[in-house]
Amino acid sequence: MQIHTGKGTIPVIVLLAIWSVSAIASLPGLAISPILGDLNKVFPKVTDLEIQMLTSLPSLLIIPFVLLSGKLSEGRDQSRILAVGLSIFFLSGVACLFLRSIVGLIVASCILGIGAGMVIPLSTGLVVEYFTGDWRVRQLGYSSAINNLTLVLATILTGYLADVDWHLPFLVYTLPGVALVLSFFLRRRRPAPEPAQSIQLRHRRIDTRKLVGLMLFYFFVTYAVLAIVYYASFLVDDYHIRSSFSGVLIALFFLAIMLPGLYIDRIIRRLKSWVNFVSLLSVAAGLLCIGIFRSEAMLVVGALLTGYGYGIMQPVIYDKAATIAPPQSATLALSCVMAMNYLAVMVCPFVVDLFRELFHSHGEHFPFLFNAALVLVAAVITWRWRRNFTLGLDEAYYKE
């Protein structure tokens, strides 16, 4: 069976190889989350700082290696960079299964962050290399959907594995081994060159102004929706709802992010220049639902609306990043944009705490209401400049 790419066709096995890379892009830090509360018992002499280093240091290392991978891929064979990154990712994950000291786990997790950082930009870079036009938009949507679905399923799996043994959650870090095996098919089938009418061929170098705009916009929307990930559990406790419900909200949030990716091309054709405006309204409405209402049903609605709006914007931003660079620099442009995701993850709690102090508000609903207000302001700006490259979308944008 052959898959149409806009440049010709590729075998299904090549598409599966590309999807397998998308599936593992969000795994770093996942295995640790179900066992953080138990690590003080497993390692009674460790400090809270050491436990926090298991998650913070790998995330910190991902950012520079995402950028390095993007730079190394410029004009080079991406399959080799992918193989090296996957090998580091896989081997460090295997090592975590057998390590018995907190220092060893920290070192292995940092090495894992290096490998993951090399792989992450290629999860979208490979899509851009092999697909073009409407086919690329569609596949970027699928990539986003696969990424978030894997995150949900793996989180559920690691929760069960953690109940058996604290080492077993690290099994999810062996999934890059599957992608490593499939990556050999990428070497056997190189991507076809961009067609003469491609938007990418209009650029000799990356359009820096547009890239910076996309980076700032992606950072903002990612920061805004992270309120659910960071603060849902505190809000649920404050509302005296069972603690497990926060996990349900977060899982539904990621599922909602996944859904638009399955038909993102149809959403774009329908909304056109209004795509970001409508998406921001969805995010704002979702955050307001969570911050205002106390019923479980409205909290679910809020998580779904927030995730759905973000799920529309994410692949659109990725596709825009690909079109502002020549083919050999597309992965570098994508790596700059994707680094903003991890930067937002790192700074979100600090930004929220800063404004909590400024407004003297320490209620658990504050992060949701404050971020909803920011998103509403952004929606108004987007409505005003909906023809702008970053904030809007031209009707003919994807018609190459």
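User: Where is the place of His-240?

Analyst: His-240 sits in the loop between α8 and α9 (244-261). Helices here are DSSP runs (H or I, at least four residues; strands are E, at least two), numbered from the N terminus. This is a predicted model: local features need pLDDT of at least 70, side-chain atom pairs count only at pLDDT 80 or more, and totals for chains, interfaces and linings use all residues. Residues are numbered from 1 along each chain as its sequence is written, and side-chain values use heavy atoms, with hydrogens and water left out.

User: Is His-240 buried or exposed?

Analyst: Start with the cut-offs. Buried means under 20% relative accessible area, exposed over 50%, and partly exposed in between (1.4 Å probe, protein chains only). His-240 counts as exposed because its relative accessibility is 72%. Check its backbone too: phi is near 60°, a positive value in a residue other than glycine.

User: What is phi of His-360, and where is this residue found?

Analyst: Phi of His-360 is positive, about 50°, although the residue is not a glycine. His-360 lies in the loop between α13 (330-359) and α14 (366-384). At 69% relative accessibility, His-360 counts as exposed.

User: How are two packed helices described?

Analyst: By the angle between their axes and the distance between the axes. Axes are lines fitted to C-alpha atoms, for helices over the stretch in contact, and angles run from 0 to 180 degrees between N-to-C directions. Take helix α8 (residues 208-238) and α12: their axes come within 10 Å and cross at roughly 155°. That makes α8 roughly antiparallel to α12 (over 145 degrees; under 35 is roughly parallel, 65 to 115 roughly perpendicular, the rest oblique).

User: Which residues in α8 meet α12?

Analyst: Contact means heavy atoms within 4.5 Å. Among the α8 residues are Leu-214, Phe-217 and Tyr-218, and they meet a set in α12 that includes Leu-299, Ala-303 and Thr-306. By class, the contact has 14 nonpolar, three polar and one charged residues. Ala, Val, Leu, Ile, Met, Phe, Trp, Tyr, Cys and Pro count as nonpolar, Asp, Glu, Lys and Arg as charged, and the others, Gly among them, as polar.

User: At what angle do α4 and α5 pack?

Analyst: Helix α4 (residues 78-96) and helix α5 (residues 102-130) pack at about 145°, with their axes 8 Å apart. Their contact divides into 16 nonpolar, seven polar and one charged residues.

User: Why does Gly-307 count as buried?

Analyst: Gly-307 counts as buried because its relative accessibility is 0%. Gly-307 is in helix α12 (residues 296-323). Leaving aside neighbours within four places in sequence, Gly-307 is in contact with Phe-253, Ala-256 and Ile-257.
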